[in-house]
Amino acid sequence: NGGVLFPPPSAYMYYENKVELTKLFQKSGVKMPTTWIFRDVNEARKAVDDVKYPVIVKDPYGYSSMGLLQAHSKKEYLSAVAQFFQNAKLGTEALVQHKVQALREARVTYVDGRPFHGYW
C-alpha cells in the first residue's frame, strides 16, 4: 500500500498550464476575463477583428508576470502575438485575455471544493 497521491494524477494536466485550466474554467462556468486560445501566429492573426482590446498575451506556463505582453490596439496585438510565437517553444499555445483592471491579486487554493489557503 502507500499514501494517497495529492493532487491526483487526473489534476496534473491543469497544474501550471493556463490553457487547460482555462478550458476547465470555461466548461465549469467559472467567471473569468474573456479568453482566446491560439495554436499558432496565423490563427491569432485571423482573430485580430474578434479580439476586444486591451488584452494580455500570456504564456500558458508563465508565472510571476514573466513574459506577459500587452496590446491596446490591433497593431500592438499583431506585434505581441508575433513576438510571442517567435519566442515560444514549438507547440506552445498563446493565451490571450481581455485585460482587467485590478487593484490587488488574490490567490486562493481550494481542496475538496473548499477554500484551504489564500492571500492578497
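Reply: Let's begin with glutamate 43, which is partly exposed at 22% relative accessibility (buried is under 20% relative accessible area, exposed is over 50%, and partly exposed lies in between, using a 1.4 Å probe and protein chains only). Bear in mind that this is a predicted model, where local features need pLDDT of at least 70, side-chain atom pairs count only at pLDDT 80 or more, and totals for chains, interfaces and linings use all residues. Numbering runs from 1 along each chain as its sequence is written, and side-chain values use heavy atoms, with hydrogens and water left out.

Glutamate 43 pairs up with arginine 39 in a salt bridge, 2.6 Å from N to O; the term covers a side-chain nitrogen of Lys or Arg within 4 Å of a carboxyl oxygen of Asp or Glu. Arginine 39 is exposed, at 56%.

In total the structure has 3 salt bridges. Another one joins lysine 74 to aspartate 49, with N to O at 2.6 Å. That pair ties together distant parts of the chain, 25 residues apart: lysine 74 belongs to helix H3 (residues 74-87), while aspartate 49 sits in the loop between helix H2 (41-46) and strand S2 (55-58). Helices (H or I, at least four residues) and strands (E, at least two) are DSSP runs, numbered from the N terminus. Aspartate 49 is exposed at 53%, whereas lysine 74 is partly exposed at 42%.

Then there's glutamate 20 with lysine 23, whose side chains meet at 3.6 Å, N to O. These two are about one helical turn apart because they lie 3 residues from each other in helix H1 (residues 18-28). Lysine 23 comes out as partly exposed, at 37%.
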